Amino acid sequence: MMDDAEQKMRFLFAIRSSGVTDARVLAAMERIDRGVFVKGIFADRAYEDMPLPIACGQTISQPSVVGQMTQALNVGPRDKVLEVGTGSGYQAAVLSHLARRVYTVERHRRLVAAARGIFDTLGLTNITALSADGSFGLPEQAPFDRIIVTAAAEDPPGPLLAQLRIGGIMVVPVGQSDAVQSLIRVTRLETGFDYEELRPVRFVPLIEGMGQD
Ligand code: SAM
């Protein structure tokens, strides 16, 4: 049986081995304990490099993918970031150590309530978690320096592209929900958008409308 320190060492090793080299991202992921975000029977698997089930039939993403997406987002300390798909709150918590302000939106109210509780406990006061359909972004707080979407859309959603500041970056999985999707990095230029394909991924779908719970 591995002790806690060994599990956490392996956890960070898996993230580094997946190509995450940005020291700020690695430090943020070292500070945020994924174990706090995984409940019940899956709690003892929190330090494995795999997605795990959370409430409302959703998932907490694979840690190495969280690291790669965060690295691709290239967040600066003055940035205002929007995350679509709060889920457990883990990705938002990692971002909170890199950005000035993080807004995170989730269609399941129950997940938002649970994530808010964790942010309060951890003293992460620069995160605002809201129940909303994130396909429309968060117009009242736009524009954003960075946008990260943690559910797969068939195309980068138009309202999110519109809410990206010029020079801003969005990272979004794009493709059908039942297939392998592509992780795309979109950069907003003065004259349009630059699209870069990063790697294949598998995410739950971005669903329009609020969830039942
Ligand atoms: N970032 C999360 C974390 O760190 O645990 C993992 C997110 S999970 C892979 C995707 C989340 O996106 C789910 O919680 C799902 O309910 C949410 N979601 C799907 N469609 C959405 C939408 N239109 N607006 C907001 N959230 C949405």
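Reply: Let us begin with touching: two residues are in contact if their C-beta atoms, placed from the backbone, lie within 7 Å. Please keep in mind that this is a predicted model.

Me: Which residues does Ser-61 touch, leaving out those up to four places away in sequence?
Reply: Under that cut-off, Ser-61 touches Pro-51, Val-66, Gln-91 and Thr-150, and the place of Ser-61 itself is in the loop between β2 and α3 (63-73). An unreviewed UniProt entry lists Ser-61 under "active site", an annotation that may be inferred rather than shown by experiment.

Me: Why does Ser-61 count as buried?
Reply: A residue is buried if 20 or more other C-beta atoms lie within 10 Å of its own; Ser-61 has 24 C-beta neighbours inside 10 Å, and therefore it counts as buried.

Me: Which residues have the most contacts inside the largest nonpolar core?
Reply: They are Val-149 and Val-171, in a core of 61 residues, to which strand β7 (residues 164-174) gives the largest share, six residues. Not counting residues up to four places away in sequence, Val-149 touches Val-84, Gly-85, Leu-160, Val-172, Pro-173 and Leu-206. In soluble globular proteins, nonpolar side chains tend to be buried together.

Me: What makes up the shell around the ligand?
Reply: The ligand is surrounded by 25 residues, of which Gly-85, Gly-87, Ser-88, Gln-91 and Gly-134 are the closest. The elements that give two or more residues to this shell are β2 (59-60), α4 (90-96) and β4 (101-106), while by kind the residues of the shell divide into 10 nonpolar, 11 polar and four charged.

Conventions: Residues numbered from 1 in each chain as written. Predicted model: local features only at pLDDT ≥ 70, side-chain atom pairs only at ≥ 80, totals over all residues. Near = placed C-beta within 6 Å. Helix = DSSP H or I, 4+ residues; strand = E, 2+ residues; numbered from the N terminus. Nonpolar A, V, L, I, M, F, W, Y, C, P; charged D, E, K, R; others polar. Core = buried A, V, L, I, M, F, W, Y, C linked by C-beta atoms within 7 Å. Buried ≥ 20, exposed ≤ 12 C-beta atoms within 10 Å, placed from the backbone.
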